[in-house]
Amino acid sequence: MNGPKTHLWIRAESRPNEERVGITPAGVASLIERGFRVTIEDSATRVMPAAGFVEAGAELAPEGSWPEAPRDAIIFGLKELPEAETPLVHRHIMFGHAYKGQEAGQRLLKRFAQGGGALYDLEYLVAENGRRVAAFGYWAGYAGAAVSLFAWADQKKGGTCAPVSTWKNSEALQADLKAALDSAQETRPNAIVIGALGRVGTGASDLCEQMGVEVTKWDMAETASGGPFPEVLDHDLFFNCILAAPGCPVFVPAEAKTAPRRLSVIGDVACDPQSDFSPVKVYDLETSWEAPVVRAHDDPVLDVMAIDNLPSLLPLESSEDFAAQLLPHLQTLNAIDDGVWGRAFATYLEHKPEVSA
């Protein structure tokens with residue numbers, strides 16, 4: 001006798017400026033062919049309209065209705081849940097940002113512990129070798145480098161970086177950025193990328209090279225000494241493309257603000273300023289689409305770009321890329337205790353707080 005169908009509930013994103021989705025209509029069709037039940041919440045902002053998912057066989061639910069979903073449904077989103085105190089009773093797939101001591105993350109974990117739900121954090125969805133199976137990294141690096149170069153061009157014109165919004169595709173972004181750089185009436189800057197061999201660093205390097213920006217590419221071999229790294233200050237732009245973790249070297253210490261330097265823009269693409277392990281020590285809060293940079297120092301000028309949802313600036317391309325990476329693993333959700341899902345759950349249990357009955 002067949003058991004109940006695995007039920008995947010795709011929630012609408014509640015965060016402003018978030019148009020991405022982690023699965024395509026074709027992906028939904030493939031799950032349904034495998035016997036899954038799929039529900040899609042309506043959304044006025046999702047880059048792929050709900051109608052396409054419904055045509056693929058998904059059931060339609062009102063936006064934000066996931067708290068009333070059947071208890072056995074697996075809730076799938078990308079970014080954070082709305083802040084609340086209510087216990088979380090479902091299993092959730094998302095980027096939780098909860099395992100590095102973040103204050104909001106600790107509150108989230110407490111809600112799971114109180115409700116008996118569980119977090120399957122996409123950042124910790126890994127193969128047996130520990131490598132992440134799906135990531136937005138390439139498009140984070142690509143968009144982060146672009147916004148940082150917009151900031152550099154605006155600096156050269158005596159201002160700070162103007163607000164940003166979504167681009168239809170990477171070609172449209174390239175056209176706008178080339179115009180901005182040309183209008184700065186400067187020769188192209190140079191940049192150093194830390195983590196250049198990874199997905200994030202590759203995206204940042206590709207964008208720079210498309211714009212005629214000379215790139216110094218560093219990875220583990222070049223940073224093994226642990227620092228200090230005066231070379232960072234000798235470039236116009238610095239891109240941090242590695243995640244904060246214990247043992248991570250400091251690439252931009254606090255004293256870099258007043259040190260002699262060529263550096264005027266930092267693109268902290270990894271963007272974890274509130275972690276004790278952050279390698280960039282000249283700022284402490286994320287930036288936003290409305291204010292893409294924070295001015296860390298006035299003379300000489302130092303701006304930091306630290307937007308934490310960079311791939312959302314290119315929502316269609318980044319969604320399609322991520323969905324293609326993740327789909328083979330979503331297809332195994334009917335065995336959620338095993339493989340990548342079992343490892344993700346074990347990671348949750350390692351961080352799950354104790355709560356009183």
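## Charges over aromatic rings

R46 lies over the face of F53, at 5.9 Å from the ring centre. A charge is taken to sit over a ring if NZ of Lys or CZ of Arg is within 6 Å of the ring centre and within 35 degrees of the ring normal. A further case is R20, whose charged end sits over the ring of F136, 4.3 Å from its centre.

The model is predicted: local features need pLDDT of at least 70, side-chain atom pairs count only at pLDDT 80 or more, and totals for chains, interfaces and linings use all residues. Residues are numbered from 1 along each chain as its sequence is written, and side-chain values use heavy atoms, with hydrogens and water left out.

Helices (H or I, at least four residues) and strands (E, at least two) are DSSP runs, numbered from the N terminus. Helix 9 comprises 13 residues (339-351), which should span 18 Å at 1.5 Å a residue; the end C-alpha atoms are 19 Å apart, in agreement with that value. The expected span is 1.5 Å times one less than the number of residues.

Buried residues are those under 20% relative accessible area, exposed ones are over 50%, and partly exposed ones lie in between (1.4 Å probe, protein chains only). In helix 9 the buried residues are V340, W341, G342, A344, T347 and Y348. Their cover, judged by contact (heavy atoms within 4.5 Å), includes strand 5 (91-94), helix 3 (103-115), strand 6 (118-121) and helix 8 (315-330).

## Strands 5 and 6

Strand 5 and strand 6 run parallel and are joined by four bridges; two strands pair if DSSP finds at least two bridges between them. D121 in strand 6 is the bridge partner of M94.

In a regular strand the side chains alternate between the two faces of the sheet. Both faces of strand 6 are covered, with A118 and Y120 buried on one side and L119 and D121 buried on the other.

## Aromatic pairs

Rings of Phe, Tyr and Trp (its six-membered ring) pair if their centres lie within 6.5 Å; planes under 30 degrees apart are stacked, over 60 edge-to-face, and the rest tilted. The structure holds 15 aromatic pairs. The rings of F112 and Y348 are 6.1 Å apart at their centres, with planes at 70 degrees, so this pair is edge-to-face. Because F112 lies in helix 3 and Y348 in helix 9, the pair ties together parts that are 236 residues apart in sequence. Both F112 and Y348 are buried.

Y138 and W139 also form an edge-to-face pair, 5.1 Å centre to centre with 85 degrees between the planes. Y138 is partly exposed at 23% relative accessibility, whereas W139 is buried at 12%. Ring pairs also link F112, Y120, W341, F345 and Y348 into a cluster.

## Helix 4

The 20 residues of helix 4 (137-156) should span 28 Å at 1.5 Å a residue, and the end C-alpha atoms are 29 Å apart, which agrees. Of these 20 residues, 18 are buried, so helix 4 is largely enclosed by the rest of the structure. Helix 4 is followed by G158, which has a positive phi near 90 degrees.

## Cysteines

The structure holds zero disulfides, a disulfide being a pair of cysteine sulfur atoms within 2.5 Å. For C208, which is in no disulfide, the nearest cysteine sulfur is that of C241, 9.0 Å away. C208 is buried, at 0% relative accessibility. C248 is likewise in no disulfide, and its nearest cysteine sulfur, that of C241, is 12 Å away. At 18% relative accessibility, C248 counts as buried.
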